[in-house]
Amino acid sequence: MSSHYAIPKTFAPAQRMWPGKTIDRSPAWCAVDLRDGNQALPNPMTPAQKWRYFELLTEIGFKEIEIGFPSASADDFQFCRDLIEKNAIPDDVVISVLTQAREHLIRRTFEALKGVKRAIVHVYIATSDLHMGFVFGKTAEQTKAIALESVALIRQLADAMPESRIGLEFSPEEFTDTNLDFAVDICDSVIDTWNPKAGEKVVINLPATVERHLPIHYADMIEGYMARQRRGDAAIISLHAHNDMGSAVAATEMALMAGAHRVEGTLFGHGERSGNVDLVTLALNMQYLGIETGLDFRRLEGIRAEIEELTDMPVSPRHPYAGELVFSAFSGSHQDAIHKGLDRREELAEHFGGWKLPYLHIDPADLGRSYERFIRINSQSGKGGIAHVLSTEYGVRLPRQLLVDLSRHVQTFADQQAREVSAKEVWEIFRGIYLKPEGALRLVNYWPRPRTDDPATIEGEVQVVHRDGEQRVFAVGNGPIAAFTHALRKLPGIPVFTLTEYEEDALGTSVDAEAIAYVRLENAAGEGFYGIGFGANIDQAAVRAIVSSLNRMIG
Ligand code: KIV
Ligand code: ZN
C-alpha cells in the first residue's frame, strides 16, 4: 500500500500556530445533503423526499442549504424551481446551487434561480496537479483563466437579476492536494473578479475532496492559506471535508482551530465514498464543549429515523450520539458503574459541576433519549445490568444473593440463545424459576388471625393441596409467617426446612400497590432455594413465596 502521509512538498508550515488555539464559537453551517449527500445515494431521493429533507434541515436550524446541481439534473432543476415558485424558502435561509465552471451550465443554473430572493451560486474547478494535468489536461494558468471567466459571467448574470441577492461561493476542488500558492492566487483573483460590494463576502470553500492525509494537514493548509491570502477582508473561509480515512470530523475541528469560519457537511455523513463530514457529530461535539451551535438535535432519534427512511440508508448503531447502541452497556462492569452513577446522578452533578457519569459522556436526555434502555442484557452482562432492567422496567429490587442466583440463569439462557436477552425475557426467566405456586404443594387458603386470649400470637388454618390430596392444618406462631411455616411442617412428607432469608417490597408507589416477597428456605443438607410470591399484601406475598420455595425444594 503506497503512503501519502507526508505533507506535500509544496506546503510545509513555517509556524504552526493552530494547536495552541481553541474553538470558542460556532462556525456557520451549510448542509450539502441535498447535493453532495444525494448524489452519492444508491437510490437518490425523489422530489417529495428532497422536499421533506429540506424542511427537516430548516427545522434543525440550518440557515444555508445547498439544494442541488440544477444544471446537471432535471430533478434538481425542478426542485429549485418548486422551492422558489412555491415560496418555500424561509426568509432567514439562503439556498445555494452548485455548478461547474462552464458557460452553458452557469447559464442553466441562473434559469433555475429566476425569481429567487437570495441565493449563492457555488462554482468549482479542480486545482490539484492530478486533476488539472491528468483528468482535464489543463495547466494552472488555463484553469485560473476558466475560473475567472466563469466568475465574470456569474457576476454579469447576477447583475442582470437586480431583484435577487446573488452571492458567490468558489471551491478549488482538491484543495488539500493543491499547491497552496496557486490556491491562494486563484481564490484571491476570484474575489477580485467578483468585486464584492461594500460589506459583501465571497465564500471561499477549501475542500478536502479526497481525504489523503492526516487531519493535521488540513489545519496546516487552512492556517497557511489564511496567513497568505490577500483578500481575507472579503472571504468567508469554508471547510468541506470528505471522510476517506475516517478523520473528517477531526480534520474539520483542527481546521476550525486554524481559523476557518464555515463548515459544509451532511447529516450522518452522507456523501461520496465514505462520505462528507458528519454535521451531527461535529455540532454535538461543539455543544459538548459548551458552544451554542444554533442547531437543534433534541429529537435526534426522530431525525435519525426520518433520514434513514428518506435516504434508504441505515445509520450505524455505533454512530456517535445518534446510534441505537451509543448509550447502551452490555458488559457487567460497565452496567454496574452506570447503575451506581444513575442512582447518584444528582450528587455527581453537584460534585463535578454538571453532567458526569461513568461511561456516558453526555446526558442522553439532551438528545431525547431516555434512561431505561441504557443497560442491555446478553451473555457479557452481570448482576448490575439485571438489577437495573428489573428495577426500571418492573419496579423490583432483588436481594443480592437472589440476584447472583438469577444472573447465572440469565447468562446460561443468553449463551444458549447466542443473542441479546430482552427485559421481558429476563422477567420471564425470573418468574419461571422462582415463582412456583403449583408443584408438590398448592396453597388453597390461609386465614391468620390474632388469638382472642393473646393478640400477640397468631393462629391460622392452612388449606393446601399436597400430593393430590386436600389437607387442612392448624398452627400458631408469633406472626402470620411463623404460624404458616409451623403449619406446613405438620404436613406429612414435607422435608425439613428453615427460613433463612425474607424480604418484601412494594411493586409501585401507590397505597394499593401489589407486594412482592422473596424468601430463601434451606433444607437439611444446607442447600438454599429462593422463592417469590406476589400478593395484595405482604403476608399473602410471603406465604406464596414460601410455597414457591418449598415446591422448588421438593422438585
Ligand atoms: O468534495 C468536493 O470537493 C466538492 C466540491 C464540489 C466542493 O463537493
Ligand atoms: Zn464534496
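The legends below describe close-up views of one predicted model. Local features are given where pLDDT is at least 70 and side-chain atom pairs only at pLDDT 80 or more, while totals for chains, interfaces and linings use all residues. Residues are numbered from 1 along each chain as its sequence is written, chains are lettered from A and ligands numbered from 1 in the order in which they are written, and side-chain values use heavy atoms, with hydrogens and water left out.

**View 1. Eight strands close into a barrel.**
The strands follow the order E1-E2-E3-E4-E5-E6-E7-E8 with parallel pairing, where strands (E, at least two residues) and helices (H or I, at least four residues) are DSSP runs numbered from the N terminus, and two strands pair if DSSP finds at least two bridges between them. Neighbouring strands of this sheet are turned by 25° against each other on average, direction ignored; the axes behind such angles are lines fitted to C-alpha atoms, for helices over the stretch in contact, and the angles run from 0 to 180 degrees between N-to-C directions. Between strand E4 (residues 118-126) and strand E5 (residues 165-173), which run parallel, there are nine bridges, and Ile125 has Pro172 in E5 as its bridge partner. Helix H8 (residues 215-228) packs on the sheet and touches strand E6 (202-208) and strand E7 (235-241), its direction making about 165° with that of E7; contact here means heavy atoms within 4.5 Å.

**View 2. Three residues coordinate the zinc ion (ligand 2).**
Asp36 (OD), His240 (NE2) and His242 (NE2) coordinate the zinc ion at 2.1 Å, where donors are N, O and S atoms within 2.8 Å of the metal (3.2 Å for Na, K and Ca), and sites may look incomplete because water is not among the atoms. Distant parts of the chain are linked here, since Asp36 lies in helix H1 (residues 33-39) and His240 in strand E7, 204 residues apart. Asp36 counts as buried because its relative accessibility is 3%, and His240 is also buried, with a relative accessible area of 4%; buried means under 20% relative accessible area, exposed over 50%, and partly exposed in between (1.4 Å probe, protein chains only).

**View 3. Asn276 sits in the loop between strand E8 (262-265) and helix H10 (279-288).**
With 2% relative accessibility, Asn276 counts as buried. Leaving aside residues up to four places away in sequence, Asn276 touches several residues, among them Asp36, His240 and His242.

**View 4. The largest pocket holds about 480 Å³ of space.**
On a 1 Å grid over the protein atoms alone, a pocket is an open set of points with protein on both sides within 12 Å along at least five of seven lines, a cavity is a set of points where a 1.4 Å probe fits but cannot get out, and lining residues have an atom within 4 Å of a point. Grid points are joined across faces, edges and corners, and a volume is the space filled by probe spheres set on the points. Of the 23 residues lining the largest pocket, the closest to its centre are Arg165, Ile166, Gly167, Glu200 and Lys201. E5 gives the most to this lining, with four residues.

**View 5. An open sheet of three strands has the order E9-E10-E11.**
The pairing in this sheet is antiparallel, and its edge strands are strand E9 (441-450) and strand E11 (469-477), each of which pairs on one side only. Nine bridges join strand E10 (residues 458-466) to E11, with Ile458 opposite Gly477.
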